[in-house]
Structures are given as structure tokens and as C-alpha cells.
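Please consult the sequence and coordinates shown here alongside the text.

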Amino acid sequence: MKPLRAASVVTDSSSTFLSQTTLALTEALANYAKAVHSRIAFQRRYLASLGKLTAAEEDMLLQVVHGWRAEVRAINRLDDCKRYESTWITAVNLCKNAAESAENSGAQQASLSMRTNIQVAQSQVEEARKLSADADKKLAETKVEEIQRKAEYAAFNSEEFEIHEAYLRED
């Protein structure tokens with residue numbers, strides 16, 4: 001096989017591998033973000049119901065919020081992301097090596113095409129990472145909001161209790 005033909009075959013197969021791993025990683029990141037957003041939506045509904053439910057209903061709902069399957073799905077999706085990211089990095093490195101080999105063998109077009117494919121894959125993954133990071137940020141904000149709302153609710157309930165106690169005392 002001639003060097004140019006060999007370089008072309010290597011860059012084509014490397015490019016295919018990169019495309020497949022990029023798709024797997026971006027889908028895993030998107031699925032992770034969706035699972036986190038589902039948890040956020042459920043948690044916000046819980047926060048909106050504070051004070052409107054009985055204590056037993058609130059406890060049950062809180063258990064559901066903290067043990068909800070979306071959290072498990074998010075964790076599983078995050079594990080998928082890590083696994084796919086490792087494979088994707090391997091694919092990027094393989095493609096860089098293929099581009100360099102193609103260039104060294106005189107297959108400039110194959111090398112240029114490979115470098116372009118790497119850039120496209122990197123930008124797609126970066127965009128998916130941003131969505132995932134945004135979901136993580138919103139989840140953290142929701143957790144802070146939950147802590148604040150619970151503190152406000154607890155303070156309100158203790159003030160209400162103190163007022164009732166004052167009425168019950170005989171001076």
C-alpha cells in the first residue's frame with residue numbers, strides 16, 4: 001500500500017472512531033444534564049409546597065427528593081461521562097497522531113481534514129460540558145435555596161409556636 005493511501009486509511013478510521021466517541025460523550029453529558037434538571041424541577045416543586053403540606057407529607061416528600069431516582073440516574077450518567085471521556089481523549093490523541101503521520105507521509109489534505117475533525121469534536125464536547133456544568137451550578141443553587149427556605153420555614157414555625165405559648169401563659 002502506498003504511503004498516501006495508508007495515511008488516508010488511518011485518518012479515515014481514526015476520524016470514524018473520533019466521531020463515534022464524540023457522539024457517545026456528548027449524549028452522555030446531555031443525559032446527565034437532563035437527569036440533573038429533572039431533579040432540580042422536582043426539588044423546586046418540593047420547596048414550593050413547604051408549609052402547605054402536613055408534617056408527614058413533607059417528610060415523605062423530602063425522602064423522595066433526596067432518594068429520587070433522578071439523582072441515581074444523574075450519578076449513573078456522570079459515571080458514563082467519565083468512561084466515555086476517557087475513550088474520547090484516547091480517540092483525540094489517536095487522531096492527532098494520525099494527522100501527524102499523514103503530514104509526514106505527504107498527505108497534507110488528510111492531515112488537514114483530520115485536524116479539522118479534531119477541532120469540531122472538541123467544540124462539540126466543550127458545548128456539552130458547558131450544559132453539564134450549568135446543570136451542576138443550578139443544582140447547587142437549588143440546594144442553597146432549599147437550605148434557606150427550610151431555615152425560613154423553621155424560623156416562622158418557631159415564632160408561631162412562641163406566640164401560641166404566650167397566649168397560653170397566665171400572668
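## Annotated region and overall fold

According to the UniProt record, an unreviewed entry, the annotation "coiled-coil region" covers residues 118-145. UniProt positions are given in the numbering used here, feature names are shortened, and annotations may be inferred rather than shown by experiment. In the model, the span 118-145 is 100% helix and 0% strand, and its end C-alpha atoms lie 40 Å apart.

The structure is a predicted model, in which local features need pLDDT of at least 70 and side-chain atom pairs count only at pLDDT 80 or more, while totals for chains, interfaces and linings use all residues. Residues are numbered from 1 along each chain as its sequence is written, and side-chain values use heavy atoms, with hydrogens and water left out.

The chain contains 4 helices and 0 strands, so that its elements run α-α-α-α from the N terminus on; helices (H or I, at least four residues) and strands (E, at least two) are DSSP runs, numbered from the N terminus. The average pLDDT, the predictor's confidence in each residue from 0 to 100, is 83 for the chain, and 84% of the residues score at least 70. Confidence is lowest in helix H2 (residues 55-67), with a mean of 74, and highest in H1, with 87.

Of the 171 residues, 29% count as buried; buried means under 20% relative accessible area, exposed over 50%, and partly exposed in between (1.4 Å probe, protein chains only). Among contacts with a separation of 6 or more, 82% link residues 24 or more positions apart, a contact being heavy atoms within 4.5 Å.

## Nonpolar core

A nonpolar core is a set of buried Ala, Val, Leu, Ile, Met, Phe, Trp, Tyr and Cys residues joined through side-chain atoms within 4.5 Å. The largest such core has 22 residues, and those with the most contacts inside it are Leu-18, Val-36, Trp-88, Met-114 and Ile-118. Helix H1 (3-49), helix H3 (69-104) and helix H4 (108-168) are the elements that give two or more residues to this core. The most comes from H1, with 8 residues.

Leaving aside residues up to four places away in sequence, Met-114 touches Thr-11, Ser-14, Ser-15, Cys-95, Ala-98 and Ala-99. With the same exclusion, Lys-96 touches Ile-118 and Gln-122.

## Selected residues and ring interactions

Asn-31 is placed in helix H1, whereas Lys-96 is found in helix H3. Asp-80 also has its place in helix H3. Asn-31 is partly exposed, with a relative accessible area of 29%, and Lys-96 counts as partly exposed at 39%.

The table lists C-alpha separations for these residues.

| Pair | Separation in sequence | C-alpha distance |
|---|---|---|
| Asn-31 and Arg-77 | 46 residues | 6.5 Å |
| Asp-80 and Tyr-32 | 48 residues | 8.7 Å |
| Lys-96 and Ser-14 | 82 residues | 9.2 Å |

The charged end of Arg-83 sits over the ring of Tyr-84, 5.1 Å from its centre; this requires NZ of Lys or CZ of Arg within 6 Å of the ring centre and within 35 degrees of the ring normal. A search of the whole structure finds 0 aromatic pairs. Rings of Phe, Tyr and Trp (its six-membered ring) pair if their centres lie within 6.5 Å, with planes under 30 degrees apart counted as stacked, over 60 as edge-to-face and the rest as tilted.
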